[in-house]
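Good morning, and thank you for making time for this presentation. Please look at the sequence and the structure on the screen while I go through them.

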Amino acid sequence: MSEIACTLEDGGCYCLLSDVMDLLGRKYVMDLVCIVAIHERVRFGEIESHLPDASTSTLSTRLDELEAAGLLRREQYDEIPPRVEYELTEDGEELGRRLEPLLEWAEAFEAE
């Protein structure tokens, strides 16, 4: 039996989810995953246009956190002006697919 199954059956905590939920619960993280997923490859300026209320520094920090978590890939091109593009890694794409049912549930919940 897997560790997660034992944890859940025993009524224990969801400890294995703590780090993931901490990251996903940060402001703009879920938005960023969705934006990058929709565009497949996206530049920073385009991300900013989707989130006009977010500060540049906050978006930059969140993108760095997603990259550090292995969910996002950042590619910088040696051009003037500099060009940076973001795309989801395989793990990031899987996260997006796994979040779809949760989004559907949230939409139904809000509709009630």
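**Overall architecture**

From the N terminus, the order of elements in the protein chain is α-α-α-β-α-α-β-β-α. That gives six helices and three strands, where helices (H or I, at least four residues) and strands (E, at least two) are DSSP runs, numbered from the N terminus.

Let me state the conventions. This is a predicted model, in which local features need pLDDT of at least 70 and side-chain atom pairs count only at pLDDT 80 or more, while totals for chains, interfaces and linings use all residues. Residues are numbered from 1 along each chain as its sequence is written, and side-chain values use heavy atoms, with hydrogens and water left out.

On confidence, pLDDT is the predictor's own estimate for each residue, from 0 to 100. The protein chain has a mean pLDDT of 87, and 86% of its residues reach 70 or more. Confidence is highest in helix α5 (residues 56-68), with a mean of 97, and lowest in helix α1 (residues 3-9), with a mean of 51. Over residues 1-6 the pLDDT stays under 50, and the model has four contacts for them beyond four places in sequence; a contact means heavy atoms within 4.5 Å. Where pLDDT is low, the predicted coordinates should not be read in detail.

For the chain as a whole, 26% of the 112 residues are buried. Here buried means under 20% relative accessible area, exposed means over 50%, and partly exposed lies in between (1.4 Å probe, protein chains only). The accessible surface of the protein chain is about 7900 Å², and carbon and sulfur atoms contribute 52% of that; the areas come from the Shrake-Rupley method with a 1.4 Å probe, and for residues only the protein chains shown count as cover. Among contacts with a separation of 6 or more, 45% are between residues 24 or more positions apart.

What does L66 contact, leaving aside its neighbours within four places in sequence? Its partners are L23, V29, L32, V33, L71 and L72. L66 belongs to helix α5 and is buried, at a relative accessible area of 2%. Its C-alpha atom is 10.0 Å from that of T89, 23 residues away along the chain.

R62 is also placed in helix α5. Is R62 buried or exposed? With a relative accessibility of 17%, R62 counts as buried. Not counting residues up to four places away in sequence, R62 touches R26, K27, V29 and L32.

**Backbone features in the loops**

Y28, in the loop between α2 (18-24) and α3, has a positive phi of about 75 degrees although it is not a glycine. Y28 counts as buried, at 15% relative accessibility. E40, in the loop between α3 and β1 (42-43), has a positive phi near 70 degrees. E40 is exposed, with a relative accessible area of 60%.

The peptide bond joining I80 and P81 is cis, with omega at about -5 degrees. P81 lies in the loop between β2 (72-77) and β3 (83-88).

**Aromatic rings**

The charged end of R83 sits over the ring of Y77, 3.7 Å from its centre. The criterion is that NZ of Lys or CZ of Arg is within 6 Å of the ring centre and within 35 degrees of the ring normal.

How many aromatic pairs does the structure hold? It holds one. The ring centres of W105 and F109 are 5.1 Å apart and their planes lie at 20 degrees, so the pair is stacked. Rings of Phe, Tyr and Trp (its six-membered ring) pair if their centres lie within 6.5 Å; planes under 30 degrees apart count as stacked, over 60 as edge-to-face and the rest as tilted. W105 and F109 are four residues apart in helix α6 (residues 90-111), and are therefore separated by about one helical turn. W105 counts as exposed, at 52% relative accessibility, whereas F109, at 47%, counts as partly exposed.
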